[in-house]
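Dear colleague,

I am handing over the structure below, and after it I set out what was found.

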Amino acid sequence: MIESDNAGRAPDDKLLAEIETKAVELARGGGELLSGYFGGRLSIEYKDDNPRDPVTDADRETQDFLTKGILESFPDHDILGEEDDEDAQDADEVAGDFLWVLDPLDGTKNFLHGLPVYACSVGVLYKGEPVVGAVYTPWPEEGGGVVHHARRGGGAFTNGTPISAVELDSPQANQLITVPGMFDRLYSFDAPMRGKTGDPRVTGSIAYELVMVARGITQYMYTSNPHLWDIVGGVALAMEAGAALMVGQRRAGPLGMFPSLDWRESSALIDDWRSGEAQVRELRRWARPLVLGRPPVARFVSSNLGWKRSPRLWVRMWQRRRRAARAGS
């Protein structure tokens, strides 16, 4: 095993190449497991009392497969998976500088309903920065699926063929974008984006949307509240394909109404990583708005994106939060 440099420098390329090779192997194997379940009968459970967040035996078996493979090859690395037990004892433990972040099945609702728009995402953070990504998606090629993969400084590929984000100097009206389903109700663009927004699509899989940015299918993507497992693999891929990462920070307005979004461009998802201090429980709760696209596009979009200033909308949301708080007390 090659040891990484924990003195602040990035790990060397030989180690990252080893990690990428393993991540590709695992993403492909996870995708093959999912393909075996696709279209068949599944055991379904829900993560809370509101049946909107399903988990299946396909999710769990795939995460077990991924976890086992990582521990066999990199026993000193830590793992954060979507299907981990949030209340487990190790949730209070500190995560190591190398953290594998797994979404065994991103797009579970699509998968359950027979829509082949989903992903198996394997990503690696080093001190909060995405350095390796491997994302399996169904694709109309021989075998029915492909792995899109990258490592920091090594280029981005689909099954070994180079890929890159679409070359644009500004957002274009005739180019595709992906946004959340509730985008038009909650968000708006400032005047400079008029006529430049793009043609929106909603996929139901954030990892899949990041792949589309990396392959130049969409000019940019916006996602409002992703968890780390949704994005680490795809962000590593998209950034290596030439996309910029814009990370949003919510600023609360008076009484929780009319909040704002502050944006920073970064190579890291977690800027303030402190070795030996990042708790697994807190990493599970991480959620930030993101924009990814070629640097001039991502910068322009994020600088002109915000919440709608609709008093009626924010009064309704404030009332809903009040009711939820009372119900939980």
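In strand S13 (residues 220–223), Tyr 220 and Tyr 222 point one way and Met 221 and Thr 223 the other way, and all of these are buried, where buried means under 20% relative accessible area, exposed over 50%, and partly exposed in between, with a 1.4 Å probe and protein chains only. Helices (H or I, at least four residues) and strands (E, at least two) are DSSP runs numbered from the N terminus. Please note that this is a predicted model, in which local features need pLDDT of at least 70 and side-chain atom pairs count only at pLDDT 80 or more, whereas totals for chains, interfaces and linings use all residues. Residues are numbered from 1 along each chain as its sequence is written, and side-chain values use heavy atoms, with hydrogens and water left out.

Strand S13 belongs to an open sheet of six strands in the order S12-S10-S13-S16-S14-S15, with mixed pairing; two strands pair if DSSP finds at least two bridges between them. Strand S12 (199–201) and strand S15 (260–265) stand at the edges with a single partner strand each, so one side of each is left without a neighbour in the sheet. From one strand to the next the twist averages 25 degrees. Strand S10 (residues 176–178) runs parallel to S13 and is joined to it by two bridges, with Thr 178 opposite Met 221, while S13 and S16 pair in the antiparallel sense over four bridges, with Tyr 222 opposite Val 291. Further along, S14 and S15 run antiparallel and are joined by six bridges, and Val 247 stands opposite Arg 264 in S15.

Helix H5 packs on this sheet, touching S10, S13 and S16, and its direction makes about 160 degrees with that of S13; contact means heavy atoms within 4.5 Å, and axes are lines fitted to C-alpha atoms, for helices over the stretch in contact, with angles from 0 to 180 degrees between N-to-C directions. Helix H8 (residues 295–303) lies across S13, S14, S15 and S16, running at about 150 degrees to S16.

The largest nonpolar core has 43 residues, of which Leu 228, Leu 269, Leu 283, Leu 290 and Leu 292 touch the most other members; such a core is a set of buried Ala, Val, Leu, Ile, Met, Phe, Trp, Tyr and Cys residues joined through side-chain atoms within 4.5 Å. Among the elements that each supply at least two residues of this core are helix H5 (206–214), helix H6 (228–240), strand S14 (244–251) and strand S16 (290–293). A second, separate core of 28 residues includes Leu 34, Ala 58, Trp 100 and Tyr 126.

As for charged pairs, the structure holds nine salt bridges, each a side-chain nitrogen of Lys or Arg within 4 Å of a carboxyl oxygen of Asp or Glu. Arg 299 forms one with Glu 265, the closest N and O atoms being 2.7 Å apart; Arg 299 lies in helix H8 and Glu 265 in strand S15, so the pair ties together parts that are 34 residues apart in sequence. Finally, Asp 13, Glu 20 and Arg 151 are linked in a network of salt bridges.

With best regards
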